[in-house]
Amino acid sequence: MTIITRFAPSPTGYLHIGGARTALFSWLYARKHGGKFILRIEDTDLERSTQESINAILEGMTWLGLEYDAGPFYQTHRFERYRQVIEQLLEQGDAYYCYCSREELEQLRNEQMARKEKPRYNGRCRDGSAVREGVEPVIRFRNPVAGQVVIDDLVKGRIVVSNEELDDLIIARSDGSPTYNLTVVVDDLDMGVNHVIRGDDHINNTPRQINILKALGAEPPKYAHVPMILGADGARLSKRHGAVGIMQYRADGFLPEALLNYLVRLGWSHGDQEIFSLDEMIALFDLQDINVSASTFNPEKLLWLNHQYIMSSDPSHVAHHLSWHMGNLNIDPGCGPELAEIVELQRERCKTLVEMAEQSVYFYRDFAEYEQKAARKNFKPGTEQVLQKVLEQFTALPDWQAEALHQVIIETAESLQLKLGKVAQPLRVAITGTAVSPAIDITLALLGREKTLQRIVRAIDYIKNKCQD
């Protein structure tokens with residue numbers, strides 16, 4: 001049997017952490033077993049579904065690298081098929097028209113709650129109801145009244161639900177549009193989905209969907225309900241916990257591999273291992289290893305993991321993603337060092353690509369002014385003479401390499417009887433505008449002769465003018 005999984009988001013908002021984890025688990029399970037992964041857009045909520053949300057889902061899946069084998073399929077393109085199934089259920093006697101008004105249903109609900117009963121439809125129209133003028137009927141599924149639904153959940157274990165606890169859910173609204181529990185059943189059936197991996201907030205829908213599938217003569221898929229992701233305070237993950245759309249993590253400077261690694265560890269583990277390559281995830285992932293309890297979202301852990309990936313990944317790969325952030329700063333990476341060289345220089349210092357981009361601007365664009373504190377501390381009277389000495393040595397240097405540049409700085413300090421920092425720090429401020437940078441010799445080498453000499457001259461003039469003031 002070919003394993004077929006699916007990810008079926010509703011385009012009523014961004015692709016969030018929980019949805020991305022569900023997509024990842026479904027993708028990994030299909031890839032591990034040489035199966036098929038389907039993307040389906042459940043857009044039947046016409047009032048809330050937006051093209052912007054659809055685009056965000058597709059963009060998020062692409063950035064994460066979760067390629068799908070089929071789709072995206074859109075439920076709004078399948079309304080005729082849903083109508084056919086609804087008609088089939090009506091003809092079989094497994095569905096019926098319900099003419100109960102909204103007011104009657106609300107009254108029923110209030111009465112049940114007053115008696116401390118679970119609110120549910122009482123089956124008033126189940127055995128037939130006269131057509132009522134002015135009332136457009138809904139269509140309900142005739143749920144079995146006896147027996148049990150047994151779910152051998154691949155995460156939670158055996159779940160048994162009595163059919164007496166289930167009411168007759170609506171499968172078509174009064175305007176004829178199908179509801180979620182009907183469309184998802186038809187889609188999974190038609191697309192051959194045999195493993196449904198989703199959040200455990202869907203677990204109450206599962207017995208109802210199984211009963212519809214059985215009414216259609218179909219074998220239900222295997223289900224794996226994944227526990228929720230919680231914030232540090234134990235509440236369901238939300239924006240106030242830092243839960244944002246997946247593409248915000250790109251904007252914040254995270255590598256997709258780091259986010260995937262973090263997501264796979266939210267509820268799944270393999271011993272004490274923390275860092276997994278994508279190939280390792282595929283080889284080791286198993287639904288039976290998913291934790292039964294909820295996971296807690298930890299932004300600091302994600303940041304740590306991102307730094308590990310920045311430090312260990314191929315510099316050219318990190319550079320590919322860094323390029324996007326440089327563009328956001330209106331920096332043309334072609335007007336300076338190769339980005340892979342920047343990655344190697346900055347990777348130890350930067351936890352995100354945003355930090356790396358912002359701390360590398362001076363390689364590609366002149367800065368407007370010096371950082372005040374750095375200039376006040378390092379550009380003192382007489383410093384211009386130190387920089388002039390360095391300038392002369394650099395100008396005469398035939399070999400613009402880090403080792404040679406480093407030797408010039410040492411010799412200048414020795415000849416002027418200064419500590420190394422008294423030469424290196426003013427030079428650092430002169431060429432970067434701040435008192436913080438990677439190793440000065442490598443920074444100079446990457447910046448290049450022309451820009452270095454120009455900036456030293458500028459700093460000398462700045463100090464002279466400052467002293468005159």
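**Notebook: a sheet, a buried glutamine and some salt bridges**

I began with Asp 69, which is partly exposed because its relative accessibility is 41%; here buried means under 20% relative accessible area, exposed over 50%, and partly exposed in between, with a 1.4 Å probe and protein chains only. I kept in mind that this is a predicted model, where local features need pLDDT of at least 70, side-chain atom pairs count only at pLDDT 80 or more, and totals for chains, interfaces and linings use all residues. Residues are numbered from 1 along each chain as its sequence is written, and side-chain values use heavy atoms, with hydrogens and water left out.

**Entry 1: the partner of Asp 69**

I looked up what Asp 69 pairs with, and found a salt bridge to Arg 31, with the closest N and O atoms 3.0 Å apart. I count a salt bridge when a side-chain nitrogen of Lys or Arg is within 4 Å of a carboxyl oxygen of Asp or Glu. Arg 31 sits in helix H1 (residues 17-32) and Asp 69 in the loop between helix H2 (51-64) and E3, so this pair ties together parts 38 residues apart in sequence. For the names, helices (H or I, at least four residues) and strands (E, at least two) are DSSP runs, numbered from the N terminus.

I searched the whole structure and got 18 salt bridges. One of them joins the side chains of Asp 188 and Arg 40 (3.0 Å, N to O). Asp 188 is in helix H5 (residues 180-190) and Arg 40 in strand E2 (residues 36-41), so I noted a link between parts 148 residues apart. Both Asp 188 and Arg 40 are buried.I also found Asp 167 paired with Arg 208, their closest N and O atoms 3.5 Å apart. Asp 167 lies in the loop between strand E7 (157-162) and E8, while Arg 208 belongs to helix H6 (residues 206-215), 41 residues apart. Asp 167 is buried, with a relative accessible area of 15%, and Arg 208 is buried, with a relative accessible area of 15%. Salt bridges that share partners join Arg 6, Arg 40, Glu 42, Arg 78, Arg 81, Asp 187, Asp 188 and Asp 190 into one network.

**Entry 2: Gln 75**

Is Gln 75 buried or exposed? I found Gln 75 buried, at a relative accessible area of 1%. Gln 75 is in the loop between strand E3 (70-74) and H3. Leaving out residues up to four places away in sequence, Gln 75 touches Arg 40, Ile 41, Glu 42, Asp 43, Thr 44, Tyr 82, Thr 183, Val 184 and Asp 187; contact means heavy atoms within 4.5 Å.

**Entry 3: the sheet**

I then turned to an open sheet of three strands, in the order E4-E5-E8 with antiparallel pairing. Two strands pair if DSSP finds at least two bridges between them. Strand E4 (95-98) and strand E8 (170-172) are the edges, each pairing on one side only. E4 and E5 pair over four bridges, and Tyr 96 has Arg 140 in E5 as its bridge partner. Strand E5 (residues 138-141) and E8 pair over two bridges, with Ile 139 opposite Ala 172 in E8.

I looked at the faces of E5 too: Val 138 and Arg 140 on one side, and Ile 139 and Phe 141 on the other, are all buried. Helix H3 (residues 79-92) lies across E4, E5 and E8, at about 95° to E4. Such axes are lines fitted to C-alpha atoms, for helices over the stretch in contact, and angles run from 0 to 180 degrees between N-to-C directions.
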